[in-house]
Amino acid sequence: VFTEVLDAACMPEGSSGIAKAVREKGITRVVLASCVCCPLNFICSACTEQRSRLKSALFTGTGISPSMVETCNLRGEALSFVEKKPDIALSRFSGLIDRSIRRASKLMLFPTPARTYNFATAVVGESEATMSSALTLAEAGQEVFLFGTLEKPLAETTPHPNIHAFKGSSVKAISGTLGDFHVFVELDGFEQSLQVGTVILGEKSRKITPYIHQEGLPSCIVTSARQKEGVTGIPFFYPGATPIPGLYLADPPGINLSNRKKGAAAAIQATALMPRGPRQSKGFTVVVDKNLCRGCGRCLKACSYQAVTLEKNNIGGWYATVDEALCKGCGNCISVCPSNAADSPYRNMAFLEQVLEEVLGQ
């Protein structure tokens, strides 16, 4: 589609030129043949800084993912022949680039899930911390829905124009995830569901507000835990974060700060997490073969990011599906799948078996 010679891809002019060509020409595969970006990810003392700079400039905020790029180490394979054996050098240069282009034609693009995001935030509870969260969000120009709890319906309203206080409301349950939460509210004897992008709970409201991961499955009470040395199964969370993307706690226990500061921190995290544009999955996400899936639900329990849900199949059973925008590619679901239905499309079992055959064959 397009070829270009760059003096240095690791310099701002070089990396921006690659990104510009990709966008303007609709390029979906790239071969970068150079002397510093070898495909085996070798790190040499002379090139470490340049390699890091190139990766940061090329893959951060550009729409280019590592799955689009095939690198070719010309320096290590052919440069030593240039002076004394130029014909061999040319042959090796050509062969390396030709093979890299063939490999690039087989690369898979990372998924870019199309998601509709709601940018409002629901704040549940009237504690000092939750009110601090609501005011912080409102002062930042964010739209806030303020609700009460089952034990204490919302008694007061707030004059701030960005805070919509539902007086007398009580939240019965919450479902959904980042950008697409549903808050089930009871108000004046009527029940309704409101859609928001993020949710902030007070400590008391957390204990009495059930979270519904999926309709038909048991609800649970949201908990918050940070990683500790020697404890497995807990992703790294910031204080106040929960296993559910987009749901935060206004006054998490064990944090020696004032309730106002903790509430403001939760508001800042909720605001920072919302995307400024279409979200793109940049990790090795997992897919599930519904023809192999038994619907046992083990992957759903193993997923720390609420990325797995169950759907009905054509014979009245269930199969798992993975939300690519939430999946981190940790592989927990793959490790517990009894039928090998869950796998990574980029490094799947067939790939690993082929690697083993090649290694053992040599």
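In which loop is Asp188 found? Asp188 sits in the loop between β7 (180-187) and β8. The model is a predicted one, and in it Asp188 has a positive phi of about 55 degrees although it is not a glycine. With a relative accessible area of 65%, Asp188 is exposed, because the cut-off for that class is over 50%.

Asn340 is not a glycine, yet its phi is positive, at about 60 degrees. Its relative accessibility is 51%, so Asn340 counts as exposed.

Of its 362 residues, 40% count as buried. The chain exposes about 20,900 Å², and carbon and sulfur atoms supply 54% of that area. Among contacts between residues at least 6 apart in sequence, 56% join residues at least 24 apart.

The strands on either side of Asp188, β7 and β8, belong to an open sheet of 5 strands. The order across this sheet is β8-β7-β6-β10-β11, and the pairing is mixed. Strands of a sheet pair through backbone hydrogen bonds, either parallel or antiparallel. The edge strands are β8 (190-196) and β11 (220-221), each of which pairs on one side only. Strand β6 (residues 170-177) and strand β10 (residues 210-212) run parallel and are joined by 2 bridges. Within this pair, Ile174 stands opposite Tyr211 of β10.

Ser170 also lies in β6. Its relative accessible area is 7%, and Ser170 is therefore buried, the limit being under 20%. Leaving aside residues up to four places away in sequence, Ser170 touches Gly148, Thr149, Leu150, Phe184, Val185 and Glu186.

Strand β14 (residues 308-312) pairs with β15 in the antiparallel sense over 5 bridges. Val308 has Val322 in β15 as its bridge partner. Strand β15 (residues 318-322) is mostly covered, with 4 of its 5 residues buried.

Among the helices, α5 (residues 128-139) has 12 residues, which at 1.5 Å a residue should span 16 Å. The end C-alpha atoms of α5 are 16 Å apart, which agrees with that expectation. The buried residues of α5 are Ala129, Thr130, Ser132, Ser133, Ala134, Leu137 and Ala138. An α-helix has 3.6 residues a turn, so residues three or four places apart point the same way. The cover over the buried residues of α5 includes the strands β3 (121-124), β4 (144-147), β5 (163-165) and β9 (198-201), together with helix α7 (259-273). Just after α5, Gly141 takes a positive phi of about 90 degrees.

At least two lining residues come from each of α1 (12-25), β1 (30-34), α2 (48-59) and α4 (86-104). The largest share of the lining, 5 residues, is supplied by β1.

Note on methods:
Residues numbered from 1 in each chain as written. Predicted model: local features only at pLDDT ≥ 70, side-chain atom pairs only at ≥ 80, totals over all residues. Heavy atoms only, no water. Pairing = 2+ DSSP bridges. Buried < 20%, exposed > 50% of the residue type's maximum accessible area, 1.4 Å probe, protein only. Contact = heavy atoms within 4.5 Å. Areas by Shrake-Rupley, 256 points an atom, 1.4 Å probe, with all protein chains shown as cover. Expected span 1.5 Å × (residues − 1).
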